[in-house]
Amino acid sequence: PRRILSGIQASGALHLGNYLGALKRFTQLQDTGAPCFLFVADLHAITVWQDPALLTAQTREIAAAYLASGLDPARSVIFPQSAVRAHSELAWIFNCVARLGWLDRMTQFKEKTGKHKERASVGLYTYPVLQAADILLYKATEVPTGEDQKQHLELTRDIAAKFNNDFNAPGFFPLPEPLTQGPAPRVMSLRDGAAKMSKSDPSDQSRINLTDDADTIVAKIRKARTDPDALPETLEGLEGRAEAKNLVTIYAALADMSREAVLAQFAGQGFGAFKPALADLAVASMAPVSAEMRRLMADPTEIDRVLKDGAARAAAIADPVVDEVKKIVGFWRG
Ligand code: TYM
């Protein structure tokens, strides 16, 4: 049976990249009828320092974003990762399955730490191992994420295969399918077409936050970096024009159109015409989401009820799996 699973870190504000690369796709997958497990990755968040008071608020904010983008808690299981103990337990066992050489190849760790590796937390290093536990605990079949998670999803498959092989448990963990090829798998910064739109970019002008109001969204798109040329007729015409390509991709993903169809509509027009159309579309798509997030966060009772119920439903699946793993590994069970 199909089982969709994904998570979002509880650190910093959500942006348009998270919305198009993840949230919007989760909702579309839910609407195909497949069961979805979506969690707030708070264990992952603390791999870098998080103020404890803010962590709780950020956890509720991600939950609010799930609900506001259309995930239905009656059909989808929405929960905080740390509320299901099995994630931490399986992560430890997987720390003993994964090889140092595999983790040494993880580009996200290298990008995040740069030259100062010795000052990073050990958790930041084994971060992808915890991610593998998140996925395999639920024997997920499909994992929708942005393109930046591709390497972590490949590592998950390697860990599953090595576990099955080392413990002579063929097929115990199914190899999950990474779904990293959505309509906007890598939304780029509005200031630099070579950099990913990211929570950690120091410039707020580089991203559209899910909580930005309409005026802010319009101003950020107006100031977005572009080039002086008109929009081309074909996708090939966007090659070498990273900023233009990014804005066309964002338009297409927001409007549920192909990029070809967007170009057919705007070919020959300059950014003076395209940007206002994109800004209108972005405001129309995001305003209802951010209004609903604000409503939900004004009184966290509903969010907390969803998270508590989700944690119980998630644990009901995850706990028996980790129990089976402990048996396979040979831990004493009385
Ligand atoms: P995180 O919190 O960094 O990002 C959440 C989701 O948003 C996607 N994303 C983007 N997509 C397109 N363009 C962008 N510029 C962009 N920036 C972010 C991410 O790919 C992700 O889908 N390690 C994960 C969280 C996680 C997880 C998991 C995901 C923990 N356990 C298990 C899947 C399965 C992360 O840090 O995502």
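Start with β1 (4-9), α1 (16-30) and α7 (122-136): each of them supplies at least two residues of the shell around the ligand. Helices here are DSSP runs of H or I with at least four residues, strands are E runs of at least two, and both are numbered from the N terminus. Before you go on, note that this is a predicted model: local features need pLDDT of at least 70, side-chain atom pairs count only at pLDDT 80 or more, and totals for chains, interfaces and linings use all residues. Residues are numbered from 1 along each chain as its sequence is written.

Which element gives the largest share of that shell? Colour β1, which contributes five residues. Altogether 25 residues surround the ligand, and Gln9, Gly17, Gly21, Thr145 and Gly146 are the closest (near means a C-beta atom, placed from the backbone, within 6 Å). By class, the shell has ten nonpolar, eleven polar and four charged residues. Ala, Val, Leu, Ile, Met, Phe, Trp, Tyr, Cys and Pro count as nonpolar, Asp, Glu, Lys and Arg as charged, and the others, Gly among them, as polar.

**Stop two: the two domains**

Colour domain 1 (4-179 + 300-329) and domain 2 (204-295) separately; the bounds come from an automatic or database domain assignment. Their centres, taken over C-alpha atoms, are 30 Å apart. Ten residues of domain 1 are in contact with ten of domain 2 (C-beta atoms, placed from the backbone, within 7 Å). On the domain 1 side, α1 and α3 (52-68) each supply at least two residues, and the classes there are eight nonpolar, two polar and no charged.

**Stop three: a helix pair**

Finally, pick α10 (242-255) and α11 (259-266), whose axes come within 9 Å and cross at roughly 110°. That makes α10 roughly perpendicular to α11 (65 to 115 degrees). Show Val248, Thr249, Tyr251 and Ala252 in α10, which meet Arg259, Val262 and Leu263 in α11.

Conventions: Two residues are in contact if their C-beta atoms, placed from the backbone, lie within 7 Å. Axes are lines fitted to C-alpha atoms, for helices over the stretch in contact, and angles run from 0 to 180 degrees between N-to-C directions. Angles under 35 degrees count as roughly parallel, over 145 as roughly antiparallel, 65 to 115 as roughly perpendicular and the rest as oblique.
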